[in-house]
Each structure stands twice: as C-alpha cells, then as structure tokens.
Amino acid sequence: MTADIFLFWLLASVTLLSGVGVVLVSNPIYSALCLAMTMVGVSAIFATLGAYFIAGVQMIVYAGAVMVLFVMVLMLFDLKTEIATFSRGRISGAIKIAIVGLLAGLIAGTFAMTTTIAGKPETKEKAGHAAKSLGELLFTKYVFGFEALGVLLLIIAIGVVGLARSKGGTHAKH
Amino acid sequence: MQSIDIFGQIGLNHYLILSALLFVTGMAGVLLRRNIIVLLMSIELMLNAVNISFIAFGKYMNQLDGQILVFFVMTIAAAEAAVGLAIAVNIFKRYKEVNIRFFEHLKG
C-alpha cells in the first residue's frame, strides 16, 4: 500500500464521516464545525488530484468565508431550544432514506459497470504552470462566463443589502 | 464487472463514487433536516461533491476546463449562501425560529 492509496482512503473517510456528521448531529453549531472539516477534506482531495490552485481557493472561499458567514448567522440566532431536528413521520422518513439509498446504489452501480473512459493521467505538471494556464483559459475561452459571473455577483450584493434592510417585505405591518 | 482489487489502485471510479456518496449525504440532509441553516449547509455539501467529480474528470482527461467550472460553481455557491442566509435572518426576525415549519405561515 503506497502513500497515495493510503492518503486517498484517509481523506475519503474523513470527508465522508464529517459529511454524515453534518446531517446527523442535532446541534447546528456542531453541524457547522463538521461542514468546515468536510471543506478541508475536499480541499485536500483537490490537492491530491493535482489541482493545487483550486485547493487553495477552496480553503479561502469555503473554509474561510462561507463558514464564517454560517457561524455568524448561527451566532445571531438563539438555537438552544430547537424543537424538531428531523422531519416528522417514520414512513415518509423511511421512504426518503430509501430514495437516497437507491440513488447512491444506481450511481455506484453505473460506475462499477462502465469500463474506464479516461486513460491514465499524464505526468504531473508543475503547480505554477497549471495556475498560469488556468488563468489563460479563464480569460480567453471562458471570458463571457467570467463577465456574467461578475454581473451576477453585483446583483446579488445589491439584492442582499436590500433584503437585509427591508422591514418585513411585502406584508409588513406598520 | 471487472474484478480489479479496489484497494490496490486508485482510479477515476474511486473519486466518482466518493463524490456520489457525498452528494447523497447532502441530499439526505436536505430531505430530512428541518433547520434552514442546516438545509443550506447540506446544499453546500452537494455542490462540493459535484466539484470533486469535476476535478477528478479533469485530471483523468488531462483538461483544465473542469477546474474553470469549479471556479464558477464556487462563486455561485458563495452567492447562494449569502442570499439564503439573508432570507433566513429575515425569517428569524419575523417568526423567531428557523424551523422549516414557517412555510405554514406562507399560506395565503
């Protein structure tokens, strides 16, 4: 068992266990901590796949910014008295779990039965070179998507400020 | 089904199945949990699972396009989290809870 294989199984188990923890833990604060662990695990998986730049961005954006946002909002709420963590109804819950398991089985079965479509990855590129070609691709082939994303972020920033300042929305009782 | 040993060699399928399992975990969270914040967290989990399969395909096909798509998905996910949390804060201000039961109040 070489180091690569060991690393994959370690990271996969850490990521999956903390992902299951997000769903199963009843306190939302612990859910947020499990989610942060999942983000770090996913970032490490990106690094093992050779996408070093994306791994860094994942750490900064998800494990940094998005998690701070979640924890801040949780801090604003007083969630010590959470009434119903899970949805009611045993039968509907069993049906939901069965659907989810069926989906997982279908996907895994599809992967197991198909022959490998892609060949082996070529020799590793240097990290700096990969980031450079990534930027070139982003500003040439995908420049329209990049610009559209900028417009979307502007709209969302304005919309969130408007949402936060509104007093009760359309059905406000003054 | 090919009978290669799954523990001896890490291939594309390993990453894809990991991604599928993570996605399904997030989906179970969306279906089962009642807290809006945890619902949003589960959605983030699903988006991350998709990112893993993008990166894995990109590596095994020697293309960088998957990584560009991961950029876009990350941006959309951050924007979605911001909007969702703003809505959750508004709901909490009105109903003093973030349980999904507040949808009962939306009946006209």
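The model is predicted.

The interface comes first. The size of an interface is often given as the accessible area lost when the parts come together. For chain B and chain A, the area buried between them is about 7,200 Å². Carbon and sulfur atoms carry 77% of that area. In terms of residues, 74 of chain B are in contact with 84 of chain A.

One helix pair shows how the two chains pack. Helix 3 of chain A, residues 52-76, lies against helix 2 of chain B, residues 36-60. On the chain A side, the contact is made by Ile54(A), Gln58(A), Tyr62(A), Val66(A), Phe70(A), Val73(A) and Leu74(A). Helix 2 of chain B contributes Ile37(B), Leu40(B), Met41(B), Glu44(B), Leu47(B), Asn48(B), Asn51(B) and Ile55(B). Sorted by class, the residues of this contact are 11 nonpolar, three polar and one charged.

Next come the charged side chains. How many salt bridges does a search of the whole structure find over all chains? The search finds one. The side chains that meet in the salt bridge are those of Lys141(A) and Asp65(B), with 2.8 Å from N to O. Lys141(A) lies in the loop between helix 5 (127-140) and helix 6 (143-165) of chain A, and Asp65(B) is in helix 3 (residues 65-95) of chain B, so the pair joins two chains. The count between chain B and chain A is accordingly one salt bridge.

Are the two partners buried or exposed? Lys141(A) has a relative accessibility of 55% and counts as exposed, because the cut-off for exposed is over 50%. Asp65(B) has a relative accessible area of 18% and is buried, because buried means under 20%.

Ala131(A) is located in helix 5 of chain A. Its relative accessibility is 29%, so Ala131(A) counts as partly exposed. Ala131(A) and Ala51(A) are 80 residues apart along the chain. The C-alpha atoms of Ala131(A) and Ala51(A) are separated by 8.7 Å.

Key. Residues are numbered from 1 along each chain as its sequence is written. Chains are lettered from A and ligands numbered from 1 in the order in which they are written. This is a predicted model: local features need pLDDT of at least 70, side-chain atom pairs count only at pLDDT 80 or more; totals for chains, interfaces and linings use all residues. Side-chain values use heavy atoms; hydrogens and water are left out. A salt bridge is a side-chain nitrogen of Lys or Arg within 4 Å of a carboxyl oxygen of Asp or Glu. Helices (H or I, at least four residues) and strands (E, at least two) are DSSP runs, numbered from the N terminus. Buried means under 20% relative accessible area, exposed over 50%, partly exposed in between (1.4 Å probe, protein chains only). Axes are lines fitted to C-alpha atoms, for helices over the stretch in contact, and angles run from 0 to 180 degrees between N-to-C directions. Contact means heavy atoms within 4.5 Å. Ala, Val, Leu, Ile, Met, Phe, Trp, Tyr, Cys and Pro count as nonpolar, Asp, Glu, Lys and Arg as charged, and the others, Gly among them, as polar. Buried area is the accessible area (1.4 Å probe) that two parts lose on being put together, summed over both.
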